[in-house]
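I opened my notebook for a slow walk through this fold, one stop at a time. Here is what I looked up along the way.

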Amino acid sequence: MLSFFIASFSAFASPLKNHPSAYLAMHAEDPVNWQLWQRATLNQAKQQNKLIFISSGYFACHWCHVMQQENYHDPQVAALLNQHFISIKIDRELSPDLDDHLLAFARRTTGQAGWPLHVILTPDGYAFSSFVYLPREDLITRLNRTQQLWQTNSNTIIRLSQESNQTLSFKSLSTDQLKQSLLSQLPRQIDEFAGGLNATQKFPNSPLLKALLLEKNLDTNILTWLETTLEAMQSEHLYDHIHHGFFRYTVDPSWQEPHFEKMLYDNAQLSEIYFLAAEVFKREDFLQTAQNTLLYIETELMSPLTGLAQSSQSAIDEKGLDGGRYLWTPQQLKQALSPELYQQVHQAWSLDQAPPLLNYGWLPKPIDDHQAWWSIQSHLSTRPGITDDKQLIGWNGLLLSAYAQAFKTTQNPSYQRTGHALAQRLSQLLLLDHAPRAVNNQGQFSDAAGLEDFAYTLAGLEDWQAVSQLDLSKPIQQLQTKANQLFKTENGWATNQEKLLPTQQIQWDYADSATPSSTALLHCENPTNKQSIQVESALPLWRYASYLIQKDC
């Protein structure tokens with residue numbers, strides 16, 4: 001029986017084969033019969049009365065690679081999935097609205113979410129089970145148990161899944177009420193000592209930082225916390241002190257142990273934030289961090305073939321080691337550095353102690369001798385990164401806003417040239433009849449542009465027009481009109497051109513995630529430029545920080 005299901009899979013070409021997404025393409029050789037996210041796949045689930053198994057991840061994710069090696073290359077796991085489920089693999093960067101929807105379900109029902117994300121749905125598209133990484137035996141047990149429950153209690157599962165996906169609760173706040181409530185709640189949520197928000201893991205929360213930097217009359221304690229946060233993020237290990245740029249988050253509350261992938265959306269936003277912070281706090285070190293972060297994007301992410309920045313760099317190195325590009329053993333340091341430099345880092349980093357990270361090695365951090373540190377950086381910057389060549393239109397819109405702030409702050413003509421070219425390229429792509437969400441270095445287009453692609457690009461174009469001499473009024477108007485036609489309904493904004501799940505809601509106001517709310521950036525396009533925000537009751541108000549940034553309509 002097992003050989004039959006493996007043979008059945010091998011008889012068909014995987015729809016993931018040669019996909020423009022490196023993440024999807026790497027799963028093409030799995031023995032799992034992966035399908036793409038599309039209406040035909042969901043119709044197949046209904047026709048066959050099979051449960052839908054959605055697996056969401058991305059190329060830079062370490063545990064996504066582990067999950068593939070341990071589970072999706074395994075014949076028994078593949079046989080279970082192929083026999084009893086319609087298995088769908090999505091790149092969360094290409095389907096951010098679906099991924100956000102599934103993440104919200106996972107957090108609401110289990111209290112945790114992350115990647116690789118797995119959600120099981122009824123054939124009609126109602127989610128009822130979710131989990132992240134599981135070892136092989138646990139996954140097999142989970143799949144068997146789920147299938148048995150479906151065979152014996154499908155009516156109960158359908159009822160419970162529909163109840164768990166009931167309409168979310170919202171409350172309406174005026175913009176003034178939102179600002180007052182958010183700023184009054186924030187002191188109870190901040191970490192005054194280490195910076196960031198109180199949590200066991202530390203994320204940059206870029207939309208919140210930007211909104212606060214643009215706020216004119218902050219409480220002194222919040223302003224002090226904001227400066228403390230920016231200091232900690234640039235000086236501790238959220239920041240890569242060798243290659244520059246920021247990691248996605250740290251797994252501890254003191255910014256010491258990073259999760260090693262690097263994302264364009266983080267680095268674009270944080271570059272803009274540190275340029276802003278350099279003006280607000282009059283600090284040269286913030287300016288240097290901003291410039292170095294933009295330099296990292298230009299050096300390691302910008303594609304010379306397309307003029308767009310690539311989406312991410314993987315947490316694993318060429319040998320499959322998590323953090324392998326960034327961590328150093330004493331022996332490796334001794335080989336890479338002169339005896340004099342080695343002695344300096346041996347003392348500064350306490351190399352005679354146990355390795356602090358992953359029981360493997362040390363993550364470099366600046367030493368007091370600046371001249372020696374520059375030499376150390378040069379000797380330790382030779383390891384290559386593994387880059388996902390997917391170039392997302394929306395994330396490049398965030399980058400355009402960063403260039404706008406960079407040019408405003410420095411008047412650097414290099415920033416002006418790059419910003420001009422990026423603005424024109426993004427406009428051209430989104431004004432195509434079938435605007436893509438992403439391109440790659442082979443010139444392939446991926447998926448259809450969504451709401452965030454238009455929102456981030458429009459914001460970037462408006463920011464760039466405000467500081468440059470490039471007249472972008474015509475493409476801005478054309479893109480606003482096109483966004484309205486594609487995504488605006490009488491009940492709110494759709495996040496994509498086709499809503500496939502019955503539980504995905506259309507809203508006027510979406511919350512921030514790691515990136516700003518699309519609808520906050522499009523507030524001038526809301527009906528009568530409404531002065532109230534529909535806030536999801538279960539979310540903290542700092543998730544709506546982007547609505548504090550008001551623009552003249």
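**Entry 1: helix α4 and its surroundings.** I began with the buried residues of α4, and I found them packed against α2 (22–25), β1, α5 (75–84), β2 (85–91), β3 and α7 (136–164). For contact I asked for heavy atoms within 4.5 Å. By buried I mean under 20% relative accessible area, with exposed over 50% and partly exposed in between (1.4 Å probe, protein chains only). My helices (H or I, at least four residues) and strands (E, at least two) are DSSP runs, numbered from the N terminus.

A note on the source: this is a predicted model, in which local features need pLDDT of at least 70 and side-chain atom pairs count only at pLDDT 80 or more, while totals for chains, interfaces and linings use all residues. Residues are numbered from 1 along each chain as its sequence is written, and side-chain values use heavy atoms, with hydrogens and water left out.

Which residues of α4 are the buried ones? I listed His62, Cys64, His65, Val66, Met67, Gln68, Asn71 and Tyr72. That is eight of the 11 residues of α4 (residues 62–72), so the helix is largely enclosed by the rest of the structure.

**Entry 2: strand β3.** Next I turned to β3 (residues 117–121), one of the neighbours of α4. Five of its five residues are buried, so β3 too is largely enclosed by the rest of the structure. I checked both faces: Leu117, Val119 and Leu121 are buried on one side, His118 and Ile120 on the other.

What does β3 pair with? I count two strands as paired if DSSP finds at least two bridges between them. Strand β1 (residues 51–57) runs antiparallel to β3 and is joined to it by five bridges, with Ile54 opposite Val119. Strand β4 (residues 127–131) also pairs with β3 in the antiparallel sense, over four bridges, and there Ser129 is the bridge partner of Ile120. I noted that β3 and β4 make a hairpin with five residues between them, and that Gly125 in the turn has a positive phi of about 95°.

The peptide bond joining Trp115 and Pro116 is cis, with omega about 5°.

**Entry 3: α9 against α11.** How do α9 and α11 cross? I fitted axes as lines to C-alpha atoms, for helices over the stretch in contact, with angles from 0 to 180 degrees between N-to-C directions. The axes of α9 (residues 206–214) and α11 (residues 264–281) come within 10 Å and cross at roughly 25°. That makes α9 roughly parallel to α11; the label covers angles under 35 degrees, with over 145 as roughly antiparallel, 65 to 115 as roughly perpendicular and the rest as oblique.

The contact takes in Ser206, Pro207, Leu209, Lys210, Leu213 and Leu214 of α9, and Gln269, Leu270, Glu272, Ile273, Leu276, Ala277, Val280 and Phe281 of α11. I sorted these residues into 10 nonpolar, two polar and two charged. In my sorting Ala, Val, Leu, Ile, Met, Phe, Trp, Tyr, Cys and Pro count as nonpolar, Asp, Glu, Lys and Arg as charged, and the others, Gly among them, as polar.

I then looked at Gln269, which lies in α11. At 7% relative accessibility, Gln269 counts as buried. Leaving out residues up to four places away in sequence, Gln269 touches Ser206, Pro207, Leu398, Ala514, Thr515 and Pro516.

Entry 4: I found an open sheet with the order β11-β12-β13 and antiparallel pairing. β11 (391–392) and β13 (445–448) are at the edges with a single partner strand each, so one side of each is left without a neighbour in the sheet. β11 pairs with β12 (residues 436–439) over two bridges, and Leu392 has Ala438 as its bridge partner.

In β13 I marked Asp447, a non-glycine with a positive phi of about 55°. Asp447 is partly exposed, with a relative accessible area of 42%. Is Trp255 buried or exposed? Trp255 is buried, at 1%; this residue sits in the loop between β6 (249–250) and β7 (258–259) and has a positive phi near 65°.
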